[in-house]
Amino acid sequence: MASPLPARHLLVPTDGSELSEAAVQQAVALAGVLGARITFFHAQESFYGRPDMAIFGEGLAVDTKMGDQFAKASAAWTEELLAKARAAATAAGLESDAVTSVDPVVYEAILTVARERGCDLIVMASHGRRGLAGLLLGSETQRVLTHAPIPVLVVPGRAEAG
């Protein structure tokens with residue numbers, strides 16, 4: 001009998017948070033059941049803000065080397081983060097790869113990678129913000145859900161009551 005989900009290539013965005021790590025573990029388990037491969041993704045922060053707005057932080061405008069230092073630190077942290085995710089996949093006997101980009105618009109970066117890599121399911125965490133916090137802070141997961149042309153599996157951030 002065919003799998004109920006046709007997913008054969010999962011995209012798993014991660015930000016290094018506990019919730020995101022839980023989504024990595026859920027994605028690894030799902031990929032194991034489906035026999036799918038995984039692409040892990042992390043969008044590094046752009047320390048210069050959105051390119052269409054050209055807003056620079058005071059420190060970055062005064063000392064451009066500071067931006068370079070932040071970028072190097074972010075790249076090193078991202079490499080560790082993605083290596084940890086890939087290690088989880090490898091331990092489960094799964095094929096995986098990892099990709100990163102520097103992009104101030106995270107949800108667009110996620111969708112771009114999904115399209116470019118031919119992913120057919122996105123698995124990501126949700127911090128579970130509601131009400132005013134959700135409205136003001138926004139949600140990359142919500143934006144991905146709203147704009148994704150492929151299914152999105154959301155690993156909830158709230159613990160079950162019980």
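**Elements**

I counted six helices and five strands in the protein; helices (H or I, at least four residues) and strands (E, at least two) are DSSP runs, numbered from the N terminus. This is a predicted model, in which local features need pLDDT of at least 70, side-chain atom pairs count only at pLDDT 80 or more, and totals for chains, interfaces and linings use all residues. Residues are numbered from 1 along each chain as its sequence is written, and side-chain values use heavy atoms, with hydrogens and water left out.

Read along the sequence, I get the pattern β-α-β-α-α-β-α-β-α-α-β.

**Overall figures**

I noted that 35% of the 162 residues are buried. Buried means under 20% relative accessible area, exposed over 50%, and partly exposed in between (1.4 Å probe, protein chains only). The protein exposes about 9800 Å², of which carbon and sulfur atoms supply 56%; the areas come from the Shrake-Rupley method with a 1.4 Å probe, and for residues only the protein chains shown count as cover.

I then looked up contacts, meaning heavy atoms within 4.5 Å. Of the contacts with a separation of 6 or more, 76% are between residues 24 or more positions apart.

**The sheet**

In what order do the five strands stand in the sheet? I read S3-S2-S1-S4-S5, in an open sheet with parallel pairing. Two strands pair if DSSP finds at least two bridges between them. Strand S3 (96-102) and strand S5 (152-155) are at the edges with a single partner strand each, so one side of each has no neighbour in the sheet. From one strand to the next the twist averages 20°.

I went through the pairs next. S1 (residues 9-13) and S2 (residues 37-44) run parallel and are joined by five bridges, with Leu 11 opposite Thr 39 in S2. S1 and S4 also run parallel, joined by two bridges; here Leu 11 stands opposite Ile 122 in S4. S4 and S5 pair in the parallel sense over four bridges, and Ile 122 stands opposite Val 152 in S5.

**Strand S4**

I checked how much of S4 is covered: five of its five residues are buried. In a regular strand the side chains alternate between the two faces of the sheet. In S4, Leu 121, Val 123 and Ala 125 point one way, Ile 122 and Met 124 the other way, and all are buried.

**Helices on the sheet**

Helix H4 (residues 106-117) lies across S1, S2, S3 and S4 and runs at about 150° to S2. Axes are lines fitted to C-alpha atoms, for helices over the stretch in contact, and angles run from 0 to 180 degrees between N-to-C directions.

How do H4 and H6 cross? I found that the axes of H4 and helix H6 (residues 140-147) come within 9 Å and cross at roughly 50°. H4 and H6 are therefore oblique to each other; angles under 35 degrees count as roughly parallel, over 145 as roughly antiparallel, 65 to 115 as roughly perpendicular and the rest as oblique. The crossing is right-handed; a crossing is left-handed if the near helix is turned anticlockwise from the far one by less than a right angle, and right-handed if clockwise. On the H4 side the contact is made by Val 106, Tyr 107, Ile 110 and Leu 111, and on the H6 side by Glu 140, Arg 143, Val 144 and His 147.

I looked up Phe 41 in strand S2. Phe 41 is buried, with a relative accessible area of 1%. Its C-alpha atom is separated by 5.1 Å from that of Val 99, 58 residues apart along the chain. Leaving aside neighbours within four places in sequence, the contacts of Phe 41 include Leu 11, Leu 82, Val 99, Ile 110 and Val 113.

Is Ala 89 buried or exposed? Ala 89, in helix H3 (residues 64-91), is buried, with a relative accessible area of 0%. Ala 89 and Val 28 are 61 residues apart in sequence and 5.8 Å apart, C-alpha to C-alpha. Beyond neighbours within four places in sequence, Ala 89 is in contact with Val 28, Phe 40, Leu 94 and Ser 96.

I took Val 154 last, in strand S5. Val 154 is partly exposed, with a relative accessible area of 30%. Not counting residues up to four places away in sequence, Val 154 touches Met 124, Ser 126, Thr 141 and Leu 145. Thr 141 is 13 residues from Val 154 in sequence and 7.7 Å in space, C-alpha to C-alpha.
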